[in-house]
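Here are my notes on the model you sent. They go from the chain as a whole to single residues.

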Amino acid sequence: EVKVVATGYGFLNGIDISVDEKYIFLAETAGRRILVMKINPNHILTQIKSLTVEMAPDNLEVDPKTGDIWTGGCWNAWKMLLYNPENPPGSEVWYLKFIVLQFLFLSFYRKKLLLLNHI
């Protein structure tokens with residue numbers, strides 16, 4: 001059986017499931033967001049968190065040991081689409097610590113400097 005379980009999002013370009021299989025994580029490239037969706041018993045997804053990021057996330061993966069999220073993307077999506085090897089788009093890898101009932105902490109690495117933001 002195939003059915004629509006969530007609608008209204010712009011260019012979802014990454015999906016993974018939480019370690020406990022209760023949540024789906026989505027990378028919304030056009031919206032520059034990471035979405036946390038609860039899986040209901042009927043398999044319909046309910047959005048419970050939305051984290052706006054300063055890049056166009058391009059895929060994501062859940063760490064199977066910690067349940068945290070890794071995602072990558074670039075700051076300038078147009079430069080990514082119109083790729084020029086002599087002027088490449090800047091890109092980054094972000095690490096997101098997933099805590100459902102408290103806060104979502106965001107850590108990302110830029111030029112070997114660890115920056116922490118409390119959301």
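1. The accessible surface of the protein chain comes to about 7,800 Å², and carbon and sulfur atoms account for 57% of it. Accessible areas come from the Shrake-Rupley method with a 1.4 Å probe, and for residues only the protein chains shown count as cover. This is a predicted model, in which local features need pLDDT of at least 70 and side-chain atom pairs count only at pLDDT 80 or more, while totals for chains, interfaces and linings use all residues. Residues are numbered from 1 along each chain as its sequence is written, and side-chain values use heavy atoms, with hydrogens and water left out.

2. The protein chain has 119 residues, of which 34% count as buried (buried is under 20% relative accessible area, exposed over 50%, partly exposed in between; 1.4 Å probe, protein chains only). Of the contacts between residues at least 6 apart in sequence, 32% join residues at least 24 apart (a contact means heavy atoms within 4.5 Å).

3. The protein chain contains one helix and nine strands, which follow one another from the N terminus as β-β-β-β-β-β-α-β-β-β. Both are DSSP runs numbered from the N terminus: helices are H or I with at least four residues, strands are E with at least two.

4. Four strands make an open antiparallel sheet in the order 1-2-3-4 (two strands pair if DSSP finds at least two bridges between them). Strand 1 (12-17) and strand 4 are at the edges with a single partner strand each, so one side of each has no neighbour in the sheet. From one strand to the next the twist averages 20 degrees (axes are lines fitted to C-alpha atoms, and angles run from 0 to 180 degrees between N-to-C directions).

5. Strand 1 and strand 2 (residues 23-28) are joined by four bridges in the antiparallel sense. Leu12 is placed opposite Glu28 in strand 2.

6. His43 sits in the loop between strand 3 (33-39) and strand 4 (45-52). His43 is exposed, at a relative accessible area of 52%. Leaving aside residues up to four places away in sequence, His43 touches Lys3 and Val5. Between His43 and Lys3 there are 40 residues in sequence and 9.3 Å in space, C-alpha to C-alpha.

7. Trp78 belongs to helix 1 (residues 77-81) and counts as exposed because its relative accessibility is 63%. Together with Leu81 and Leu82, Trp78 forms a nonpolar surface patch with about 430 Å² of accessible area.

Technical notes. Patches are made of residues with over 30% relative accessible area and no salt bridge: like charges are joined within 9 Å, nonpolar side chains (Val, Leu, Ile, Met, Phe, Trp, Tyr) within 5 Å. A salt bridge is a side-chain nitrogen of Lys or Arg within 4 Å of a carboxyl oxygen of Asp or Glu.
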